[in-house]
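Visitor: I am new to this structure. Please show it to me, and let me ask how you know what you say.

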Amino acid sequence: MSNDSRVPSADGLVPFSFEIYPPRRAEGLPALHETIRHLAASGPRFISVTFGAGGSTGGRSLEVLTHILRETDVPPLAHLTCVGSTYPAATALIREFLDAGITSFLALRGDPPAGVSEDDVYLGDLESAAQLVQLIQRVQAEREPYTESSLPGVPGAARVDRRQKAEVAVAAFPNGHPRSRHPREHIDALLAKQAAGATFAITQLFFHADDYLAFVAQARSAGVVIPILPGIMPITSPGRLQRVLELSGESLPGELAVALEVEPTPEGRREIGIAYAAALTRDVVAGGAPGIHLYAFNNHDTVLATLREAGITTALDKETAR
Ligand code: FAD
């Protein structure tokens, strides 16, 4: 994935990607594999897999990532968190993922376990996502300090080339991080992640296009040059909305909340959620977003319907047009 791959192409196609999470129990894997099959068939730039969120384990995360690697032609992107980890443990984990063939990461600080205060737990050797970005780049450099290619016409000779840098994404927060101590802390954090070697950013979900567009403008004027992918989640029930607001710290989107609350049928609520996410997608793309990252919540139907309604062409559309 080069930076260019995330810029809308000359033919007007908008790059898109998905986030999924590992199931809590192994019995959930077959259903997730089916979802992955559908998501991969739509032609995303990558599929990311969360780590340690919602009680999932790193082991199952790697299992899902290697499934994507072996069974699809879509690059998997591994979320990694550093909270509670020692340096040697974080280094061993990165090596394990690289050994499994995973070369794209989303480096995160992570949150302490639910219900545990930051003062009560060991937060680990790495204090921020920026330090994890650096560690991933360092581990990758130690494993593969350079690459070699053969010299045409000179049998046995090799040219030493610069190594391929690991693709390391980071999180960005259009409305600030819920625990930021001052209004620009999230921009400073993003600048630090860029300086540490991050190659692009993915945002926390948001509900108004201006939240994203104003944040990108602010980040650019502060010196952030890496692509910032907007993270969008189609939300199709009041319960899901409530849960997402609790996890993200975002404020209640009044219009969507009321529409979901008053709609009596699940089908109607699904349509409302998809229409809202599709409108948001159209607006951020029109405002210059370099692509769209959809939080799939392990369900392919809703995110694929969102892309269709937003007018974004997928490989599946091309297939049915034939
Ligand atoms: P940092 O870059 O270190 O911090 C970012 C900002 O938050 C800065 O402003 C920083 O100062 C502020 N901040 C962070 N922690 C504190 C604190 N304790 N006190 C004060 N300010 C603080 N979590 C998971 O566990 N697993 C996942 O797979 C996962 N995936 C995610 C994917 C995306 C796209 C996003 C946006 C978030 C994801 N998260 C995940 C949540 C993330 O780990 C938390 O939001 C975490 O609190 C901050 O992580 P960071 O990498 O941005 O941290």
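Guide: First, a term. A residue counts as near a molecule if one of its heavy atoms lies within 4 Å of it. Helices and strands are DSSP runs, numbered from the N terminus. Note too that this is a predicted model.

Visitor: Which element gives the most to the shell around the ligand?

Guide: Helix α5 does, with four residues. β3, β4 and β8 are also among the elements that give two or more residues.

Visitor: Which residues come nearest to the ligand?

Guide: Of the 27 residues around the ligand, Phe51, Arg109, Asp111, His177 and Lys193 come nearest.

Visitor: How much of the ligand's accessible area does the protein cover?

Guide: On its own, the ligand has 950 Å², and the protein covers 88% of that.

Visitor: Why is helix α10 called mostly covered?

Guide: Buried means under 20% relative accessible area. Eight of the eleven residues of α10 are buried, so the helix is called mostly covered. Among them are Val303, Leu304 and Leu307.

Visitor: What covers the buried residues of α10?

Guide: The cover includes β1, α1, α9, β11 and α11.

Methods:
Residues are numbered from 1 along each chain as its sequence is written. This is a predicted model: local features need pLDDT of at least 70, side-chain atom pairs count only at pLDDT 80 or more; totals for chains, interfaces and linings use all residues. Side-chain values use heavy atoms; hydrogens and water are left out. Accessible areas come from the Shrake-Rupley method with a 1.4 Å probe; for residues, only the protein chains shown count as cover. Buried means under 20% relative accessible area, exposed over 50%, partly exposed in between (1.4 Å probe, protein chains only). Contact means heavy atoms within 4.5 Å.
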